[in-house]
Amino acid sequence: MENRTSFFHLHLISDSTGETLISAGRAASVQFHASQPIEHVYPLIRNRKQLLPVLEAIDHSPGIVLYTIVDRELADFIDERCREMGVPCVNVLEPVMNVFQTYLGTASRRRVGAQHVMNADYFARIEALNFTMDHDDGQMQDDYNDADVVIIGISRTSKTPTSIYLANRGIKTANIPIIAGVPLPESLILATRPLIVGLVATTDRISQVRENRILGATTGFDRGGYTDRATISEELKYARSLCARHNWPIIDVTRRSIEETAAAIVALRPKLR
């Protein structure tokens, strides 16, 4: 019998940006392969007037309701209306906050958007993102020792998106392409502060990604050499030899998401200090 994908409505109500809800909703829904969510995101819902049209939309397209609303009265109103409509709803943060309150022995402040306060950590993330964009793809090679992490790898090993993800966590990250016959910058070899990590993948995976890349009409571009498996195999061999020579750790990204690769890099940092 042919497998058919069904769809369901997933309503995400937040008094802040909705990022927490989106992550939670997708983490749960991806476990149900036969059902795909139709996401409805309602950010910055902070009073009943803003909430009423949201509840009307839920009544029109019933489904699962997830919310992060710290105002108790507003949260209770959502629960009440969802019960009346006969739709399931979950206050995603409430069980977590209850655990914190029980363990810490104190009530939460219930401050809307507290995770987005512009404190020192916030400005550290901005600084990290600026540094990372300035040092993308081998740019600005003189100050690698100011980086927290330097990622190296051949083309299409997800160096840039991994760098940006790390930067959003406040980690200043540079990335440098490995090109056969082109030596790495001396400033990288001499750097003592950053964690230097090599990214690799299988030959087939890199060839596939390169074939799907939009290359444009670059004059003289060798498309055949770029996607040729034998050539890619030699590039990977060269990259591995560079890392082995300098005792730099290697992460295989073939079956890893950007988030998983970043997590592996973060895990390496304390081990190598």
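What share of the contacts in the protein chain with a separation of 6 or more comes from residues 24 or more positions apart? Such residues account for 74% of these contacts, a contact being heavy atoms within 4.5 Å.

## Basis of the model

This is a predicted model, in which local features need pLDDT of at least 70 and side-chain atom pairs count only at pLDDT 80 or more, while totals for chains, interfaces and linings use all residues. Residues are numbered from 1 along each chain as its sequence is written, and side-chain values use heavy atoms, with hydrogens and water left out.

## Overall architecture

The protein chain contains eleven helices and eight strands; these are DSSP runs numbered from the N terminus, with helices being H or I of at least four residues and strands E of at least two. The radius of gyration of the protein chain is 24 Å, well over the 19 Å that the globule rule gives for 273 residues, so the chain is more spread out than a compact globule. That radius is taken over C-alpha atoms, and the globule rule is 2.2 Å times the number of residues to the power 0.38.

Taken along the principal axes, the box filled by the C-alpha atoms of the protein chain is roughly 70 × 55 × 35 Å. Of the 273 residues, 35% are buried. Buried denotes under 20% relative accessible area, exposed over 50%, and partly exposed the range in between (1.4 Å probe, protein chains only).

Helix α8 spans residues 203–212, and its buried residues are Ile206, Ser207 and Arg210. Viewed down the axis of α8, these buried residues fall within an arc of 100°, so they line one face of the helix; the arc is that of the directions from the helix axis to the C-beta atoms. An α-helix has 3.6 residues a turn, so residues three or four places apart point the same way. The packing partners of the buried residues of α8 are α9 (223–227) and α10 (229–246).

Two packed helices are described by the angle between their axes and the distance between the axes. For α8 and α10, the axes come within 9 Å and cross at roughly 120°. Axes here are lines fitted to C-alpha atoms, for helices over the stretch in contact, with angles running from 0 to 180 degrees between N-to-C directions. The crossing of α8 past α10 is right-handed; the term applies if the near helix is turned clockwise from the far one by less than a right angle, and left-handed if anticlockwise. On the α8 side, Thr203, Asp204, Ile206, Ser207, Arg210 and Glu211 meet Arg229, Ile232, Ser233, Glu235 and Leu236 of α10. The residues of this contact comprise three nonpolar, three polar and five charged. In this scheme Ala, Val, Leu, Ile, Met, Phe, Trp, Tyr, Cys and Pro count as nonpolar, Asp, Glu, Lys and Arg as charged, and the others, Gly among them, as polar.

## Ile154 and Glu235

Ile154 is placed in the loop between β5 and α6 and is buried, with a relative accessible area of 1%. Not counting residues up to four places away in sequence, Ile154 touches Lys159, Ile178, Leu199, Ile206, Arg210, Ile232, Glu235, Leu236 and Ala239. The C-alpha atoms of Ile154 and Leu236 are separated by 7.1 Å, although the two residues are 82 residues apart along the chain.

Glu235 belongs to helix α10 and is buried, at a relative accessible area of 17%. With residues up to four places away in sequence not counted, Glu235 touches Ile154 and Arg210. In helix α6 (residues 159–167), Lys159, Thr162, Ser163, Leu166 and Ala167 are buried. Seen down the axis of α6, these residues lie within an arc of 140°, so they line one face of the helix.

## Loop residues with positive phi

Asp137 is not a glycine, yet has a positive phi of about 60°. Asp137 lies in the loop between α5 (120–134) and β5 (149–153) and is partly exposed, with a relative accessible area of 48%.

Asn247, also not a glycine, has a positive phi of about 60°. Asn247 is located in the loop between α10 and β8 (250–252) and is exposed, its relative accessible area being 70%.

## Separations along the chain

Pro194, in the loop between α7 (186–190) and β7 (195–200), is buried at a relative accessible area of 8%. The C-alpha atoms of Pro194 and Arg81, 113 residues apart along the chain, are separated by 53 Å.

Glu259 is part of helix α11 (residues 258–271) and is partly exposed at 43% relative accessibility. Its C-alpha atom and that of Ser29, 230 residues apart along the chain, are separated by 18 Å.
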